[in-house]
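Student: I would like to go through how some labels on this structure are assigned. Please set each value against its cut-off.

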Amino acid sequence: MRLGVLDVGSNTVHLLVVDAHPGARPLPAHSHKAELRLAQLLDSSGAIGPEGVDQLIATIQDALQAAEDKGCEDVLSFATSAVREAGNADAVLARVKAETGVDLQVLSGEEEAKLTFLAARRWFGWSAGRLLVLDIGGGSLEVAYGIDEEPDAAVSLPLGAGRLTAAWLPGDPADPQDVKVLRRHVRAQIARTVGEFSRFGSPDHVVATSKTFKQLARLAGAARSAEGLYVQRELKRRSLEDWVPRLAAMTERERGELPGVSEGRAGQLLAGALVAEGAMDLFGVETLEICPWALREGVILRRLDHLPEDQTAL
């Protein structure tokens, strides 16, 4: 069956169209995305303003048209931290449903971490052993650990690259003192969770998902995305530690000219790098591997796992 997954995230609204059936890997057929940056459209009270809601509805309508054009039988729609934490989330969800017909399911941070973990487990398989999975989004950082498909521990922290950039790094280039203060904040937040994971023992394999980690790995010498999904891509903490002060000294425009860094994410890259560095350091990770699958694939896999028996033969 052809499925669409509509991900309303803190940075983008992304429709991923896949051909999928139980027992097989989802095959990407089409991708439609728009940079909305909901996390930066919150007003002083923490609500998504009228203009932001208008943009969200228009973007969802465009995505639904794309899903129809590509022949999707169903569209799985969900929202993450930007909508979840908006002060007017209920009103936004009601208006989205009234004007688009989409009943956005708001995932909790723990659900995000668990679904991303499922995707990583399916990608790497059982031979990967105990997995530690890190995911930096626009609004939050998810961490999950386990040996099965359901993680033994999963947490979500308000350490997304977009959120931190807007709140802590107003300058361009960033003020060195602001960087220092943010670094301290990030590490204090992560350190509170380390004990919850360390009691399970050291992971056999550490993986990371998200655009932020992919861009950081590319800066450190990993293969370009054009070389395909199946090329192994790694990020070493030593390389990341070398890049953090370099990124801190650059303007947003200068970061946008780096290999593998998109113009739309260049402004958030420093904050993302500080989170990645802090997580790798505090969890004792020297090297991690980039996982091509993440939250959207986890949503698809969970849906396929729960298809009624009379649909599994489609």
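Predicted model: local features only at pLDDT ≥ 70, side-chain atom pairs only at ≥ 80, totals over all residues.

Student: What makes Lys114 and Glu110 a salt bridge?

Tutor: Their side chains meet at 3.1 Å, N to O. The cut-off is within 4 Å, so the pair counts. Both residues lie in helix H4 (residues 109–124), four residues apart, about one turn of the helix.

Student: How do you know that Glu241 forms a salt bridge with Arg237?

Tutor: The closest N and O atoms are 3.7 Å apart, and the rule asks for within 4 Å, so this is a salt bridge. Glu241 and Arg237 both lie in helix H8 (residues 237–248). The two also belong to a network of salt bridges that includes Arg187, Glu277, Asp281 and Glu286.

Student: Is Arg237 buried or exposed, and why?

Tutor: Arg237 has a relative accessible area of 11%. Buried means under 20%, so Arg237 is buried. Glu241, at 32%, counts as partly exposed.

Student: Why is Cys72 called buried?

Tutor: Its relative accessible area is 18%, and the limit is under 20%, so Cys72 is buried. Cys291 counts as buried at 1%. A search of the whole structure finds zero disulfides.

Student: What makes Glu263 exposed?

Tutor: The relative accessible area of Glu263 is 67%; exposed means over 50%, so the label holds. Glu263 gathers with Asp172, Glu252 and Glu254 in a patch of negative charge on the surface.

Technical notes:
Residues numbered from 1 in each chain as written. Heavy atoms only, no water. Patch = residues over 30% accessible without salt bridge, like charges linked within 9 Å, V, L, I, M, F, W, Y side chains within 5 Å. Areas by Shrake-Rupley, 256 points an atom, 1.4 Å probe, with all protein chains shown as cover. Lys, Arg positive; Asp, Glu negative; His and termini not counted. Charge placed at Lys NZ, Arg CZ, Asp CG, Glu CD. Buried < 20%, exposed > 50% of the residue type's maximum accessible area, 1.4 Å probe, protein only. Disulfide = S-S within 2.5 Å. Helix = DSSP H or I, 4+ residues; strand = E, 2+ residues; numbered from the N terminus.
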